Amino acid sequence: MSFASYLADEKSSQTIRLFLNVATSMTGSIVLFKIMPKFKDMFIRAGLKGIDLSKKEKIQIPEAFGVISGAFFLIITFLFIPLRFYETLAFNRELSHHQFIEYLAALLSIGCMIFLGFADDVLDLKWRDKLLLPTVASLPLLMVYFANINSTTIIVPFPLRSWIGYSLNLGFLYYVYMGMLAVFCTNAINIYAGINGIEVGQSLVIAFSVLISNLIEYNGPFRDNHIFSMYLIIPFIACALPLFLYNKYPSRVFVGDTFCYFAGMTFAVVGILGHFSKFLLLFLFRKYSIFFCQSRNCLNSYHVQDIVCQDSIQKPDF
């Protein structure tokens, strides 16, 4: 096989594209690590700063540094677009519009969440807005899924097949589920917060878990889906690692809500367009327990507040 034939072969092209993706991501990661400290004074002058309560020295630390990591993620993935479709440029092969639209829709949804996350850091949005905005940002993703795939059938777990059957078509409810998944992922990263490095650290654990799952299924029947996932998860890891090194204890920067939205939407995108959204929930399983515990605590606190208010009304302080 000649070198040109090797480059034009589909499986060889996928391997080459992954190599180019890793090379681009590593280069971007090194550049990000080098230039990130230069933005610290700029953020402090803009008022994006806070104090680390876990340190004795109450010095000002720049916040919302997740926007820099997110911006570099977009730069890396934008530069990867011509490399991703190099066969079209080099060998005049027909462009796969299906894959091209999916890739652009993924970047559009992630870019929207980076912008909305930075707006949250600057404007301090209310919780009702934090639930609405990820839903709006996921609409391009859902429309591309509807146009290109539109599969709403799920495989029923084995213990339930005797009652429900082998598969179940959820129809419109499946799109509701995917929209709720985007909302959950973007807010799930923010459940664990307040400790140096915990937001980025847990995101890296989930990202490496997704990457390992993709590598295990690399030669499986859904190879293309997992390769698409790796095209996004590898640049994410490359951009999160430098941020983790600056955010771990003793932290020199804070990531802000921008990174939480950025990481959550990235996981939602690779889960939905990679066709393993239900498997992705296993990596976020611990988030459910934290969510229910916090919901119970919130309900208890509201109950206590109602009792205190009633006591204060019935027994005024003379």
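Residues are numbered from 1 along each chain as its sequence is written, and side-chain values use heavy atoms, with hydrogens and water left out. Because the model is predicted, local features need pLDDT of at least 70 and side-chain atom pairs count only at pLDDT 80 or more, whereas totals for chains, interfaces and linings use all residues.

The protein chain has 15 helices and 4 strands. These elements are DSSP runs numbered from the N terminus, helices being H or I with at least four residues and strands being E with at least two. Of the 318 residues, 45% count as buried; buried means under 20% relative accessible area, exposed over 50%, and partly exposed in between, for a 1.4 Å probe and protein chains only. Contact means heavy atoms within 4.5 Å. Among contacts between residues at least 6 apart in sequence, 73% join residues at least 24 apart.

Axes are lines fitted to C-alpha atoms, for helices over the stretch in contact, and angles run from 0 to 180 degrees between N-to-C directions. On the side of helix 6 the contact is made by S109, C112, M113, L116 and D120, and on that of helix 7 by K130, L133, P134 and A137. These residues divide into 6 nonpolar, 1 polar and 2 charged. Here Ala, Val, Leu, Ile, Met, Phe, Trp, Tyr, Cys and Pro count as nonpolar, Asp, Glu, Lys and Arg as charged, and the others, Gly among them, as polar.

Helix 6 also packs with helix 8 (residues 139–148): their axes come within 8 Å and cross at roughly 165°. That angle makes helix 6 roughly antiparallel to helix 8. H98, I101, E102, A105, A106, L108 and S109 of helix 6 meet P140, L141, V144 and N148 of helix 8. By class, this contact has 7 nonpolar, 3 polar and 1 charged residues.

Helix 7 in turn packs with helix 10 (residues 172–188) at an angle of about 125°, with the axes 8 Å apart. Helix 7 is therefore oblique to helix 10. W127, K130, L131, P134 and T135 of helix 7 make this contact with A182, V183, T186 and N187 of helix 10.

Within helix 6 lies Q99, which counts as partly exposed because its relative accessibility is 28%. Leaving aside neighbours within four places in sequence, Q99 is in contact with R84 and F85.

The aromatic rings complete the picture. Rings of Phe, Tyr and Trp (its six-membered ring) pair if their centres lie within 6.5 Å; planes under 30 degrees apart count as stacked, over 60 as edge-to-face and the rest as tilted. The count comes to 14 aromatic pairs. F236 and F259 form a stacked pair, with 6.0 Å centre to centre and 20° between the planes. This pair links distant parts of the chain, F236 in helix 12 (residues 223–247) and F259 in helix 13 (residues 256–273) being 23 residues apart.

Definitions and conventions. Angles under 35 degrees count as roughly parallel, over 145 as roughly antiparallel, 65 to 115 as roughly perpendicular and the rest as oblique.
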